[in-house]
Amino acid sequence: MTTDSPDTLLNEPLLVADDPVLDMLNTQAMADGDVVDYWQNDGDVARWLVRAGWFDATQMPAFAEGALMASGVELREIIRKLLEQRKAGVQGDPAELNAYLRKALSHPQLVWDAPTGLRLDRVRKQQTAEQFLAPLAEAAAALLVSGDFSLIRTCEHTECVLWFYDRTKSHKRRWCSMAQCGNRHKVAEFRKRKLQV
Ligand SMILES: [Zn+2]
(Lines give C-alpha, C1' and ligand atoms only; values in the text may rest on other atoms or scores of the structure.)
Protein backbone atom coordinates (compact mmCIF):
# COMPACT_ATOMS: atom_id res chain seq x y z
CA MET A 1 0.00 0.00 0.00
CA THR A 2 1.31 3.43 -0.88
CA THR A 3 1.62 5.86 1.99
CA ASP A 4 1.24 9.59 1.66
CA SER A 5 2.26 12.48 3.82
CA PRO A 6 -0.59 14.43 5.46
CA ASP A 7 0.06 17.34 3.08
CA THR A 8 -0.51 15.15 0.05
CA LEU A 9 -3.78 13.88 1.45
CA LEU A 10 -5.33 17.33 1.39
CA ASN A 11 -4.91 17.72 -2.36
CA GLU A 12 -4.77 14.20 -3.71
CA PRO A 13 -7.15 11.24 -3.56
CA LEU A 14 -6.39 8.63 -0.91
CA LEU A 15 -4.57 5.48 -2.02
CA VAL A 16 -6.07 3.22 0.62
CA ALA A 17 -8.03 0.61 -1.35
CA ASP A 18 -5.24 -1.98 -1.30
CA ASP A 19 -6.08 -2.53 -4.95
CA PRO A 20 -5.01 -0.33 -7.86
CA VAL A 21 -8.32 -0.62 -9.70
CA LEU A 22 -10.39 0.27 -6.64
CA ASP A 23 -8.02 3.17 -5.95
CA MET A 24 -9.02 4.44 -9.37
CA LEU A 25 -12.68 4.53 -8.31
CA ASN A 26 -11.60 6.40 -5.20
CA THR A 27 -10.45 9.38 -7.25
CA GLN A 28 -14.06 10.39 -6.73
CA ALA A 29 -14.90 10.89 -3.07
CA MET A 30 -17.40 12.59 -0.76
CA ALA A 31 -16.52 15.67 1.26
CA ASP A 32 -19.13 17.40 3.42
CA GLY A 33 -21.94 15.69 1.53
CA ASP A 34 -20.67 16.70 -1.93
CA VAL A 35 -19.03 14.55 -4.57
CA VAL A 36 -15.45 15.64 -5.17
CA ASP A 37 -13.78 14.55 -8.40
CA TYR A 38 -10.01 14.69 -8.13
CA TRP A 39 -9.70 14.27 -11.89
CA GLN A 40 -10.30 17.75 -13.29
CA ASN A 41 -7.61 17.84 -15.99
CA ASP A 42 -4.97 15.75 -17.74
CA GLY A 43 -2.38 16.65 -15.10
CA ASP A 44 -4.58 15.26 -12.31
CA VAL A 45 -4.92 11.92 -14.10
CA ALA A 46 -1.22 11.78 -15.05
CA ARG A 47 -0.15 12.56 -11.47
CA TRP A 48 -2.43 9.86 -10.10
CA LEU A 49 -1.20 7.24 -12.60
CA VAL A 50 2.35 7.84 -11.36
CA ARG A 51 1.42 8.02 -7.65
CA ALA A 52 -0.60 4.82 -7.87
CA GLY A 53 2.32 3.07 -9.54
CA TRP A 54 0.80 2.43 -12.99
CA PHE A 55 3.54 4.30 -14.85
CA ASP A 56 6.81 6.10 -14.26
CA ALA A 57 6.76 9.84 -14.75
CA THR A 58 9.10 9.31 -17.71
CA GLN A 59 6.57 7.06 -19.45
CA MET A 60 3.85 9.67 -19.83
CA PRO A 61 3.24 10.40 -23.51
CA ALA A 62 1.57 13.59 -24.72
CA PHE A 63 -1.94 13.25 -26.08
CA ALA A 64 -4.35 15.87 -27.40
CA GLU A 65 -5.36 18.22 -24.60
CA GLY A 66 -8.11 16.78 -22.46
CA ALA A 67 -7.82 13.27 -23.95
CA LEU A 68 -6.25 11.64 -20.91
CA MET A 69 -8.82 13.11 -18.54
CA ALA A 70 -11.75 12.26 -20.83
CA SER A 71 -10.63 8.66 -21.31
CA GLY A 72 -9.66 8.27 -17.67
CA VAL A 73 -13.03 9.47 -16.38
CA GLU A 74 -14.91 7.43 -18.98
CA LEU A 75 -13.02 4.24 -18.15
CA ARG A 76 -13.35 4.87 -14.41
CA GLU A 77 -17.14 5.19 -14.66
CA ILE A 78 -17.43 2.11 -16.92
CA ILE A 79 -15.48 0.13 -14.32
CA ARG A 80 -17.46 1.61 -11.42
CA LYS A 81 -20.75 0.53 -12.93
CA LEU A 82 -19.57 -3.02 -13.63
CA LEU A 83 -18.05 -3.39 -10.16
CA GLU A 84 -21.22 -2.14 -8.49
CA GLN A 85 -23.28 -4.59 -10.54
CA ARG A 86 -20.89 -7.46 -9.81
CA LYS A 87 -21.00 -6.58 -6.11
CA ALA A 88 -24.81 -6.53 -6.22
CA GLY A 89 -24.92 -9.90 -7.97
CA VAL A 90 -26.38 -8.30 -11.08
CA GLN A 91 -25.27 -9.34 -14.55
CA GLY A 92 -23.78 -6.26 -16.16
CA ASP A 93 -23.21 -5.40 -19.81
CA PRO A 94 -19.47 -5.67 -20.50
CA ALA A 95 -19.69 -4.08 -23.99
CA GLU A 96 -18.13 -0.74 -23.01
CA LEU A 97 -15.22 -2.32 -21.15
CA ASN A 98 -14.78 -4.81 -23.97
CA ALA A 99 -14.48 -1.86 -26.37
CA TYR A 100 -11.52 -0.61 -24.31
CA LEU A 101 -9.99 -4.08 -24.18
CA ARG A 102 -10.32 -4.40 -27.95
CA LYS A 103 -8.20 -1.27 -28.40
CA ALA A 104 -5.51 -2.67 -26.10
CA LEU A 105 -2.94 -3.82 -28.63
CA SER A 106 0.19 -5.40 -27.23
CA HIS A 107 2.63 -8.19 -27.95
CA PRO A 108 5.29 -9.98 -25.93
CA GLN A 109 8.90 -9.23 -26.77
CA LEU A 110 11.93 -11.25 -25.81
CA VAL A 111 14.74 -9.08 -24.44
CA TRP A 112 18.22 -10.52 -23.95
CA ASP A 113 20.45 -7.81 -22.49
CA ALA A 114 23.12 -10.00 -20.82
CA PRO A 115 24.14 -13.66 -21.18
CA THR A 116 21.91 -14.53 -18.22
CA GLY A 117 19.56 -11.55 -18.50
CA LEU A 118 16.67 -12.89 -20.50
CA ARG A 119 13.18 -11.63 -19.93
CA LEU A 120 9.83 -11.32 -21.63
CA ASP A 121 8.54 -7.74 -21.89
CA ARG A 122 5.15 -6.63 -23.11
CA VAL A 123 5.20 -3.91 -25.72
CA ARG A 124 2.05 -1.86 -25.85
CA LYS A 125 0.70 0.35 -28.58
CA GLN A 126 0.10 3.71 -26.89
CA GLN A 127 -1.06 5.97 -29.69
CA THR A 128 -4.24 7.03 -27.94
CA ALA A 129 -5.19 7.75 -24.35
CA GLU A 130 -7.49 4.71 -24.47
CA GLN A 131 -4.58 2.50 -25.44
CA PHE A 132 -2.40 4.10 -22.79
CA LEU A 133 -5.01 3.27 -20.13
CA ALA A 134 -5.37 -0.31 -21.40
CA PRO A 135 -3.48 -1.84 -18.43
CA LEU A 136 -6.14 -0.40 -16.12
CA ALA A 137 -8.94 -1.81 -18.27
CA GLU A 138 -7.24 -5.22 -18.26
CA ALA A 139 -6.71 -5.13 -14.49
CA ALA A 140 -10.36 -4.19 -13.99
CA ALA A 141 -11.48 -7.08 -16.18
CA ALA A 142 -9.29 -9.46 -14.17
CA LEU A 143 -10.67 -8.07 -10.91
CA LEU A 144 -14.25 -8.55 -12.12
CA VAL A 145 -13.52 -12.17 -13.01
CA SER A 146 -11.24 -13.23 -10.15
CA GLY A 147 -11.86 -10.76 -7.31
CA ASP A 148 -13.44 -12.03 -4.09
CA PHE A 149 -16.46 -9.79 -3.92
CA SER A 150 -17.18 -10.69 -0.31
CA LEU A 151 -13.93 -8.83 0.45
CA ILE A 152 -14.43 -6.01 -2.05
CA ARG A 153 -16.53 -3.50 -0.15
CA THR A 154 -17.24 0.17 0.36
CA CYS A 155 -16.40 2.05 3.54
CA GLU A 156 -19.05 1.65 6.24
CA HIS A 157 -19.23 5.36 6.94
CA THR A 158 -22.58 6.61 5.66
CA GLU A 159 -21.03 9.70 4.06
CA CYS A 160 -18.17 7.84 2.39
CA VAL A 161 -18.17 6.14 -1.00
CA LEU A 162 -14.61 4.81 -1.05
CA TRP A 163 -13.92 1.20 -2.05
CA PHE A 164 -11.36 -1.21 -0.65
CA TYR A 165 -10.24 -4.82 -0.99
CA ASP A 166 -10.15 -6.29 2.51
CA ARG A 167 -6.84 -8.16 2.53
CA THR A 168 -6.57 -8.19 6.33
CA LYS A 169 -6.15 -11.59 7.96
CA SER A 170 -9.35 -11.30 9.97
CA HIS A 171 -11.34 -9.89 7.02
CA LYS A 172 -12.97 -7.41 9.36
CA ARG A 173 -11.88 -4.19 7.69
CA ARG A 174 -14.66 -1.59 7.93
CA TRP A 175 -13.16 1.71 6.90
CA CYS A 176 -11.45 3.22 3.87
CA SER A 177 -9.00 4.61 6.35
CA MET A 178 -8.98 4.49 10.13
CA ALA A 179 -7.54 8.00 10.17
CA GLN A 180 -10.39 9.37 8.11
CA CYS A 181 -13.64 7.43 8.56
CA GLY A 182 -12.74 5.17 11.48
CA ASN A 183 -12.09 8.19 13.64
CA ARG A 184 -15.05 10.10 12.24
CA HIS A 185 -17.22 7.14 13.30
CA LYS A 186 -15.63 6.95 16.75
CA VAL A 187 -16.19 10.66 17.34
CA ALA A 188 -19.82 10.38 16.23
CA GLU A 189 -20.40 7.39 18.54
CA PHE A 190 -18.76 9.27 21.39
CA ARG A 191 -21.03 12.29 20.80
CA LYS A 192 -24.10 10.00 20.70
CA ARG A 193 -23.13 8.43 24.02
CA LYS A 194 -22.57 11.86 25.53
CA LEU A 195 -26.03 13.00 24.41
CA GLN A 196 -27.66 9.92 25.94
CA VAL A 197 -26.08 10.51 29.37
ZN1 LIG B 1 -14.49 6.06 4.41
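Two strands pair if DSSP finds at least two bridges between them. Helices (H or I, at least four residues) and strands (E, at least two) are themselves DSSP runs, numbered from the N terminus.

The structure is a predicted model, in which local features need pLDDT of at least 70 and side-chain atom pairs count only at pLDDT 80 or more, while totals for chains, interfaces and linings use all residues. Residues are numbered from 1 along each chain, in the order in which its sequence is written.

We start with the whole chain. The protein chain has 8 helices and 6 strands. Along the sequence they come in the pattern α-α-β-β-α-α-α-β-β-α-α-β-β-α. The C-alpha trace spans about 75 × 40 × 35 Å along its principal axes. A residue is called buried if 20 or more other C-beta atoms lie within 10 Å of its own, exposed if 12 or fewer, and partly exposed in between, with C-beta atoms placed from the backbone. Of the 197 residues in the protein chain, 25% are buried. Two residues are in contact if their C-beta atoms, placed from the backbone, lie within 7 Å. Among contacts in the protein chain with a separation of 6 or more, 57% are between residues 24 or more positions apart.

The next stop is the pair β1 and β2. Strand β1 covers residues 28–31 and strand β2 residues 34–37; the two run antiparallel and are joined by 4 bridges. M30 has V35 of β2 as its bridge partner, and A31 stands opposite D34 in β2. The hairpin of β1 and β2 has 2 residues between the strands. D32 is found in this loop between β1 and β2. Its backbone deserves a look. Most residues other than glycine have a negative phi. D32, however, has a positive phi of about 55° although it is not a glycine. D32 counts as exposed because it has 6 C-beta neighbours inside 10 Å.

Further along is helix α3, residues 42–51. Which residues of α3 are buried? They are D42, D44, V45, W48 and L49. Seen down the axis of α3, these buried residues fall within an arc of 165°, so they line one face of the helix; the arc is that of the directions from the helix axis to the C-beta atoms. What covers the buried residues of α3 includes α4, residues 67–87. After α3 comes G53, whose phi is positive, near 90°.

Helix α4 also meets helix α5, residues 95–103. The axes of α4 and α5 come within 9 Å and cross at roughly 135°. Axes here are lines fitted to C-alpha atoms, for helices over the stretch in contact, and angles run from 0 to 180 degrees between N-to-C directions. That angle makes α4 oblique to α5, since angles under 35 degrees count as roughly parallel, over 145 as roughly antiparallel, 65 to 115 as roughly perpendicular and the rest as oblique. The contact is made by L75, I78, I79 and L82 of α4 together with E96, L97 and Y100 of α5. The crossing of α4 and α5 is left-handed, a term used if the near helix is turned anticlockwise from the far one by less than a right angle, with right-handed used if clockwise.

Q91 has its place in the loop between α4 and α5. Is Q91 buried or exposed? Q91 counts as exposed, because it has 7 C-beta neighbours inside 10 Å. Q91 and H185 are 94 residues apart in sequence, and 33 Å separate them in space, C-alpha to C-alpha.

Strand β3, residues 106–114, pairs with β4 in the antiparallel sense over 8 bridges. A hairpin of 2 residues joins β3 to β4. Strand β4, residues 117–124, has 8 residues, of which the number buried is 0, so it lies largely in the open.

The last stop is H171, in the loop between β6 (163–165) and α8 (178–196). The phi of H171 is near 55°, a positive value in a residue other than glycine. H171 counts as exposed because it has 11 C-beta neighbours inside 10 Å.
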